[in-house]
Amino acid sequence: MSHRSPSVTPAVSVLIPAWNAVRHLPAALDGLLSQTFHDWEAVVVDDGSQDETPALLAAYAARDARIRPLHVEHGGIVHALNHGLLHVRGRHVARMDADDTCHPERLALQCHALDNAPHLGLVASRVTFGGDAAQCGGFVRYVDWTNSLLCHEDIALGRFRESPLVHPSVMFRRELIDRFGPYANGPFPEDYELWLRWLEAGVRMEKLPEHLLVWNDPPGRLTRTHDNYAEAGFVALRTRYLARWLCAHNPQHPDVWVIGAGKASRRRARPLCEHGIRIRAWVDIDPHKIGNIVEGLPVVGREAMPAPGQGFMLAFLAGHGAAEELELFLHGAGYLPGRDYLLAS
């Protein structure tokens, strides 16, 4: 049994929602108990579990008083997270899920980064994919992509393509909750909404180059099973924030040229028109599409795009490798991200 006494005001509060998590939770908690950094508490919110999760938490709390179980009626992840935020005592909040594990240096490195960079509000890390790479190619590509976004500028520009941060890998200043509000409950991914809201408010974010979390991918993960993570909610949420970003940053507002004339690209771009964005044309490389009129707009080739500084391109490309190929072309032609174009998905 550990005799370590918890600090009344620990440096870091680790916030973990848990629902029927008895199978995976021990590995997550053991990872915390193995941290080289000791000034932490773990606020584990049992979201009305019907398995042995409450008993497991009681056993761990008896072993180490830094583990603080909270119990609420089952209300979903946003309810559990926000309930936990009411009880955290640390100046920084680290997120974890009950089915993930962290590197022994995780809390030390992230806390050090925040304490030594007052301009930062949030520090994440690279993650290691813990699922079956052969069966989950899309998740693997997403992990590789998000691991490539380290500086604030890349995270900020990447946010309209996908969620640029892996939720259980982040640590943020608790004061951000007081300034900008907690998780929002709605038909959208709660973490993505938080990043969009905080980035829009000017919160600076960075990602450490170390792989400090194993992000496991069990079949029951919410991103696979819950309606809030379906494409429609993601697109509607992104569209709202993207329209405001374009209004503030597009020198040619409200005009944009949409790169990608296929059905999926048009489906994702079209809702922007409801927010006052005006699409000038569809841009494509398929010779069978170029020259056609689609939804009342011409389909043109890349050679017809406005010159750098003369128009703004918004790319909606879903094919594997398509966005990377496009960026190489745009960079070679002198177009700058954020000034001349933005990648979405």
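Modeller: The following dialogue treats aromatic pairs, then charges over rings, and then salt bridges. This is a predicted model, in which local features need pLDDT of at least 70 and side-chain atom pairs count only at pLDDT 80 or more, while totals for chains, interfaces and linings use all residues. Residues are numbered from 1 along each chain as its sequence is written, and side-chain values use heavy atoms, with hydrogens and water left out.

Colleague: How many aromatic pairs does the structure hold?

Modeller: Rings of Phe, Tyr and Trp (its six-membered ring) pair if their centres lie within 6.5 Å; planes under 30 degrees apart are stacked, over 60 edge-to-face, and the rest tilted. The structure holds nine such pairs. One of them joins Phe172 and Trp198 edge-to-face, at 5.1 Å centre to centre with 80 degrees between the planes. Phe172 lies in strand 7 (residues 171-173) and Trp198 in helix 8 (residues 190-200), so this pair ties together parts 26 residues apart in sequence. Helices (H or I, at least four residues) and strands (E, at least two) are DSSP runs, numbered from the N terminus.

Colleague: Are Phe172 and Trp198 buried or exposed?

Modeller: Buried means under 20% relative accessible area, exposed over 50%, and partly exposed in between (1.4 Å probe, protein chains only). Both Phe172 and Trp198 are buried. Trp198 also pairs edge-to-face with Trp195, at 6.4 Å and 65 degrees. Trp195 has 0% relative accessibility and therefore counts as buried.

Colleague: Which residue lies over the face of Tyr241?

Modeller: A charge sits over a ring if NZ of Lys or CZ of Arg is within 6 Å of the ring centre and within 35 degrees of the ring normal. Arg244 lies over the face of Tyr241, 4.6 Å from the ring centre.

Colleague: How many salt bridges does the structure hold?

Modeller: Side chains of opposite charge can pair when their charged atoms come close. A salt bridge is a side-chain nitrogen of Lys or Arg within 4 Å of a carboxyl oxygen of Asp or Glu. The structure holds 19 salt bridges. Among them, Glu41 and Arg68 have their closest N and O atoms 2.8 Å apart. This pair links strand 2 (residues 40-47), which holds Glu41, with strand 3 (residues 67-72), which holds Arg68; the two residues are 27 apart. Glu41 is buried at 1% relative accessibility, and Arg68 is buried at 19%.

Colleague: Which residues are linked with Glu41 in a network of salt bridges?

Modeller: The network links Glu41, Arg68 and Arg89.
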